[in-house]
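Please view the sequence and the structure together while reading.

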Amino acid sequence: SSLWTERHRGIIQGLPREKASERINEEDLHNLFHNDPDQGEGDWTLSMRSGRAVQSLFSHPPGKYLIFTHGGILNKALHNIFGLKTDNAQGGLYFVLQNTCTIEIEYSLERHQWALLNYRQPKYVKPENQPPPDLYRFVFVRHGESEGNVRREFQGQTDTALTSLGQDQIRRIGTILKKNGYQFDQIIASPQERASLTAEQIAAAFNLNVEYDSRLKEVDNGLLAGTTLEESQDVVPVRHDHHNPYHPVGDTGESWFEHYLRAGEFLDDLMKRPPGTYAVVSHGALLNSFLRSIMGIIPQPSKHPGLFYFKNTGFAELTFSRSANLWTFNALQDPNQTEEHD
């Protein structure tokens, strides 16, 4: 489909970057609505075309589809899918896509919700030994498997022990992160047991201490805490929070909007620290609120925001450049299905 073709670059198409800069007006390139045909498609034009490409997917019946496309159009498609702002020229978020990078994503017709399941680069690029002085690198890690996960409970801020598989996962994750070339300046974690034990194993691998912050706890599920989905029907038969982000979860917990704000407030404090590499060990819902805060995906009534699927000890890597005012999304991986890198 021509909808999935790469961005048209006008007169600079095919030129090396240094030559291209001699032929274009930088101010026009930073104009969201620039429409000079000699300079190709502007950000807004490309965003609308990528939106049409996403819409075209729904002309097919439900199933599994493999799409081969390009970095520019795919970035805009992901922005449309997750509801991110259109313009990257003045900051925002950019999805790093190496050649043959694979992204697994699904749309639930039941929940009307997108989910990013896996975002894997073909080759792991180790962080630079001397990164730019204004660069923040964050690795967000979910805890190991707990008994509550196995029972599919609304664990929230209640604690359940790690399973034997979970114990094995947390023993491995520090080694995997170290083999991938990370060198952390600090490790910050939720004080809840399943997260703190995970963080301690990572800290041992890097010979660091763990800093705990209660804002990294999982969502307060109120009356739902400790119940399974079946049991929850008797406790809170109507989930008003499904459509109202301001209604307390489990009737007595915190709202999803409060949860989003809690994650965003912690992120604000985190960005007051000096640039460096930070590991943040927390919980699935809280890590989703982190990513939504970074991307500007605000909870809205009657809307299910995109889901970022963290498996147990799964991790996402994002960086932020102060000088460029730009976030980059680099990976979302399940280390339990990923080979360790030498």
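## Terms and basis

A residue is called buried when its relative accessible area is under 20%, exposed when that area is over 50%, and partly exposed in between, with a 1.4 Å probe and protein chains only. This is a predicted model, in which local features need pLDDT of at least 70 and side-chain atom pairs count only at pLDDT 80 or more, while totals for chains, interfaces and linings use all residues. Residues are numbered from 1 along each chain as its sequence is written, and side-chain values use heavy atoms, with hydrogens and water left out.

## Thr102 in strand β2

Thr102 has a relative accessibility of 46% and therefore counts as partly exposed. Thr102 belongs to strand β2, residues 102-108. Helices (H or I, at least four residues) and strands (E, at least two) are DSSP runs, numbered from the N terminus.

Apart from neighbours within four places in sequence, Thr102 is in contact with Asn118, Tyr119 and Arg120; contact means heavy atoms within 4.5 Å. Asn118 is 16 residues from Thr102 along the chain, and their C-alpha atoms are separated by 7.9 Å.

## The chain as a whole

The chain contains ten helices and ten strands. Of its 342 residues, 48% count as buried. Among contacts with a separation of 6 or more, 70% come from residues 24 or more positions apart.

Helix α7 has 14 residues and reaches 20 Å from its first C-alpha to its last, close to the 20 Å expected at 1.5 Å a residue; the expected span is 1.5 Å times one less than the number of residues. Its buried residues are Arg194, Ala195, Ser196, Thr198, Ala199, Ile202, Ala203 and Phe206, and they pack against β4, α6, β5, β6 (210-212) and β7. Asn207 follows α7 and has a positive phi, near 55 degrees.

Two packed helices are described by the angle between their axes and the distance between the axes. For α6 (residues 164-179) and α7 (residues 193-206), the angle is about 40 degrees and the axes are 8 Å apart. Axes are lines fitted to C-alpha atoms, for helices over the stretch in contact, and angles run from 0 to 180 degrees between N-to-C directions. The two helices are therefore oblique to each other; angles under 35 degrees count as roughly parallel, over 145 as roughly antiparallel, 65 to 115 as roughly perpendicular and the rest as oblique. The contact of α6 with α7 involves seven nonpolar, four polar and two charged residues, where Ala, Val, Leu, Ile, Met, Phe, Trp, Tyr, Cys and Pro count as nonpolar, Asp, Glu, Lys and Arg as charged, and the others, Gly among them, as polar.

## Helix α9 and its packing with α10

Helix α9 (residues 256-270) has 15 residues and reaches 21 Å between its first and last C-alpha, close to the 21 Å expected. Its buried residues include His259, Tyr260, Phe266 and Leu270. The buried residues of α9 pack against β4 (135-142), β5 (186-189), β7 (277-282), α10 (284-295) and β10 (326-333).

The axes of α9 and α10 come within 8 Å and cross at roughly 70 degrees. That makes α9 roughly perpendicular to α10. The residues of this contact divide into nine nonpolar, four polar and two charged.
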